[in-house]
Amino acid sequence: MAASGAVARTLPWSWYADPAVLRVEQERIFRRSWQYVGRTDEVAEPASFAATRAADVPVVLVRDEEGALRAFLNVCRHRGSLVCTGSGARRTLQCPYHAWTYGLDGALLRAPRLELEGGAGLEGLGLVQLRLETWGPFVFVCPDESAPPLAEFLEDVPERIATAGIDVDALRFLERAESEVEANWKVCVENYLECYHCPTAHPAFSDVVDVSPDTYGLDLGRRRMSQAGPLRPEPRGAFDPSGEVERGQFHFVFPGTVVNVMPGRPNLSIGPIFPLGPERTYRSLDYLVAPDADPAWVADLLRFDAQVGAEDLALVERVQAGVRSGLLEEGRLLPESERLVAHFQGLVLEALA
């Protein structure tokens with residue numbers, strides 16, 4: 001992206017609606033990166049499982065009877081059906097199509113008629129195991145065996161969270177908020193990566209967090225893009241930000257994991273952004289708070305964040321309607337206020353070049 005005067009050019013807007021571009025992004029970006037897929041408490045008990053996904057890759061998390069946590073490609077080796085949906089407790093995983101049955105170690109245990117009809121033996125037809133690593137209670141999966149370890153992707157995000165006084169292992173899960181957005185995934189990420197729009201589009205948020213350019217911090221690493229905002233000297237509105245956590249932290253880990261901390265009592269939300277299609281995106285956030293968090297404050301936090309989310313939903317869908325028009329080739333980025341957006345676009349360009 002070459003500079004043009006005081007601003008930088010964006011990625012081509014055609015890349016925000018082109019199915020061919022999305023296919024390359026899935027292959028070169030999402031399938032080569034760590035993805036947030038859930039929490040350890042979702043498969044806390046021995047012989048439990050939970051179906052999830054890492055972008056377009058179906059995944060099943062399994063806790064075997066000895067307590068080991070594993071991730072498998074949730075695809076039957078027979079004809080490609082999803083093996084599991086939902087979550088629960090099972091000693092085996094059975095595909096509902098033809099009853100091929102797998103152990104919790106992924107091995108194929110039974111396949112009706114396979115040997116009678118001259119098929120190969122059961123060996124070598126187990127579920128494909130995927131790389132799994134955790135940060136505290138948070139589970140990440142990577143389809144690429146050659147990718148760096150999770151710690152290199154997260155960079156210093158765990159340390160920044162800990163420095164704010166938040167022990168992620170001590171938090172309790174509240175709820176998962178899910179949404180599907182009529183916009184390209186990059187539009188959703190770029191909206192997250194700047195607060196230039198906050199004074200106009202998020203008045204309630206801007207009444208609590210000081211979003212002025214001289215106080216609202218932007219910082220980036222290799223794959224980590226972070227924003228941090230102090231409280232306004234006199235916060236206004238319904239949300240009470242008083243508590244141990246004095247600043248908001250908003251982290252993005254390329255290509256699609258967000259980690260948020262709001263000011264106030266200890267809290268954290270984490271979740272993925274990934275494409276469902278060229279102009280459709282999935283988003284979810286798992287909300288966690290301190291075990292002794294006041295229920296009224298928790299309700300206010302969830303209500304406050306839902307309001308900001310609804311405002312962002314309208315924004316990104318308006319952007320998608322504009323960029324799909326095809327009459328303009330690209331946009332422009334402000335060099336300071338949108339430098340995290342420029343960094344993100346540079347990572348996309350690097351992966352696709």
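Visitor: Where is the place of His-202?
Guide: His-202 sits in the loop between α5 (198-201) and α6 (203-208). Helices here are DSSP runs of H or I with at least four residues, strands are runs of E with at least two, and both are numbered from the N terminus.

Visitor: What sort of model is this, and how are residues numbered?
Guide: This is a predicted model, in which local features need pLDDT of at least 70, side-chain atom pairs count only at pLDDT 80 or more, and totals for chains, interfaces and linings use all residues. Residues are numbered from 1 along each chain as its sequence is written, and side-chain values use heavy atoms, with hydrogens and water left out.

Visitor: Back to His-202: buried or exposed?
Guide: His-202 is buried, because its relative accessible area is 2%. The cut-offs are under 20% for buried, over 50% for exposed, and partly exposed in between, with a 1.4 Å probe and protein chains only.

Visitor: What does His-202 touch?
Guide: Leaving out residues up to four places away in sequence, His-202 touches His-197, Val-308, Glu-311, Asp-312 and Leu-315. Contact means heavy atoms within 4.5 Å.

Visitor: Which side chain makes a polar contact with the side chain of His-202?
Guide: That of His-197, at 3.1 Å. A polar contact is a pair of N or O atoms within 3.5 Å; within protein, one must be able to donate a hydrogen and the other to accept it, and residues adjacent in sequence count only if both atoms are side-chain atoms.

Visitor: How many residues line the largest pocket, and which lie nearest its centre?
Guide: The lining has 33 residues, and Arg-283, Asp-305, Val-308, Gly-309 and Asp-312 lie nearest the centre. Elements giving two or more residues to this lining are β13 (172-181), α4 (185-192), β19 (280-289) and α7 (295-323). The largest share, ten residues, comes from α7.

Visitor: And how many cavities of 30 Å³ or more are there?
Guide: Two in the whole structure. The largest cavity holds about 70 Å³ of space. Its lining includes Leu-174, Asn-260, Tyr-287, Leu-301 and Asp-305. β18 (267-277), β19 and α7 each give two or more residues to the lining of this cavity.

Visitor: New topic: in what order do the strands of the open sheet run?
Guide: Seven strands form it, in the order β3-β12-β11-β6-β5-β4-β7, with antiparallel pairing. β3 (35-39) and β7 stand at the edges with a single partner strand each, so one side of each has no neighbour in the sheet. Two strands pair if DSSP finds at least two bridges between them.

Visitor: How many bridges join β4 to β5?
Guide: Seven, between β4 (residues 48-54) and β5 (residues 57-63), which run antiparallel. Thr-52 stands opposite Val-59 in β5. The hairpin of β4 and β5 has two residues between the strands, and Ala-55 there takes a positive phi near 60°.

Visitor: What about β4 and β7?
Guide: β4 pairs with β7 (residues 87-89) over three bridges, in the antiparallel sense. Ala-50 is the residue opposite Ser-87 in β7.

Visitor: And which strand is β3 joined to by four bridges?
Guide: β12 (residues 138-142), and the two run antiparallel. Gln-35 has Val-141 in β12 as its bridge partner.

Visitor: Which residues does a cis peptide bond join?
Guide: Phe-254 and Pro-255, with omega about 10°. Pro-255 is in the loop between β16 (247-253) and β17 (257-261).

Visitor: What is phi of Ala-99?
Guide: Near 65°, a positive value in a residue other than glycine. Ala-99 is in the loop between β8 (92-94) and β9 (101-103), and counts as partly exposed because its relative accessibility is 26%.

Note on methods. On a 1 Å grid over the protein atoms alone, a cavity is a set of points where a 1.4 Å probe fits but cannot get out, and a pocket is an open set with protein on both sides within 12 Å along at least five of seven lines; lining residues have an atom within 4 Å of a point. Grid points are joined across faces, edges and corners, and a volume is the space filled by probe spheres set on the points.
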